Amino acid sequence: RLRSTSARTPRALSVEQTARLVSLFRWSERARALDLPDLVDWMLATGARIGEALATRIDANRDGRPLLDLDAGTWEVDATVVRVAGRGLVVQPRPKTVAGWRVVAVPKFAVEMIKARGEVSGLVFTAPGG
């Protein structure tokens with residue numbers, strides 16, 4: 001019989017915990033300077049892992065269709081950010097797992113947040129100072 005190797009069971013934040021988290025990021029000058037409020041909103045809106053969210057790009061997929069289609073309100077998760085020794089953080093051109101490659105519906109508030117950022121190409125969430 002196989003046993004689970006994980007001692008922790010995943011759990012979702014409650015509505016109250018989510019509201020508190022968002023509020024803390026919105027009110028923190030440091031969090032705003034690091035561009036964390038929008039990143040956290042994006043993760044909550046899409047259910048993305050941190051690496052997937054950081055790999056969000058305004059670009060075309062292999063078929064020439066937009067990865068992030070703001071008109072349709074969809075996002076194709078096709079990459080993740082990973083740390084590579086000697087290079088730092090890089091976009092890995094595939095998600096963590098095969099099942100991680102997916103198209104997700106993006107809620108209207110998240111579409112409007114991305115539009116307000118004024119991104120036209122490349123990574124949506126970049127490190128402060130580039």
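Which residues does V124 touch, not counting residues up to four places away in sequence? In this predicted model, V124 touches T56, R57, I58, L68, I114, R117 and E119, where contact means heavy atoms within 4.5 Å. Residues are numbered from 1 along each chain as its sequence is written, and side-chain values use heavy atoms, with hydrogens and water left out. Because the model is predicted, local features need pLDDT of at least 70 and side-chain atom pairs count only at pLDDT 80 or more, while totals for chains, interfaces and linings use all residues.

V124 also belongs to the largest nonpolar core, which has 17 residues. Such a core is a set of buried Ala, Val, Leu, Ile, Met, Phe, Trp, Tyr and Cys residues joined through side-chain atoms within 4.5 Å; buried means under 20% relative accessible area, exposed over 50%, and partly exposed in between (1.4 Å probe, protein chains only). The residues with the most contacts inside this core are W42, L68, W75, V106, I114, V124 and F125. At least two residues of the core come from each of α3, β3 (74-77) and α5 (108-117), and α5 gives the largest share, four residues. Helices (H or I, at least four residues) and strands (E, at least two) are DSSP runs, numbered from the N terminus.

Three of these names meet again in one aromatic cluster, formed by W42, W75 and F125. Rings of Phe, Tyr and Trp (its six-membered ring) pair if their centres lie within 6.5 Å; planes under 30 degrees apart count as stacked, over 60 as edge-to-face and the rest as tilted. The count by this rule is two aromatic pairs. In one of them, the ring centres of W42 and F125 are 6.4 Å apart and the planes stand at 50°, so this pair is tilted. Since W42 lies in helix α3 (residues 36-46) and F125 in the segment after β7 (122-123), the pair ties together parts that are 83 residues apart in sequence. Both partners are covered: W42 is buried at a relative accessible area of 0%, and F125 is buried at 5%.

In α3, eight of the 11 residues are buried, among them L39, V40 and W42. In α5, the buried residues include A110, V111, M113 and I114. Seen down the helix axis, the buried residues of α5 fall within an arc of 160° (taken from the directions from the axis to the C-beta atoms), so they line one face of the helix. They pack against α3, β1 (57-58) and β2, whereas K108 and A116, on the other side of α5, are exposed.

The strands complete the picture. An open sheet of three strands runs in the order β2-β3-β6 with antiparallel pairing; two strands pair if DSSP finds at least two bridges between them. Its edge strands are β2 (68-69) and β6 (102-105). Four bridges join β3 to β6, and V77 stands opposite R102 in β6. Elsewhere, five bridges join the antiparallel strands β4 (residues 80-84) and β5, with V84 partnered by G88. These two strands form a hairpin with three residues between them, and G86 in the turn has a positive phi of about 85°. Q92, found in β5 (residues 88-92), counts as buried at 17% relative accessibility.
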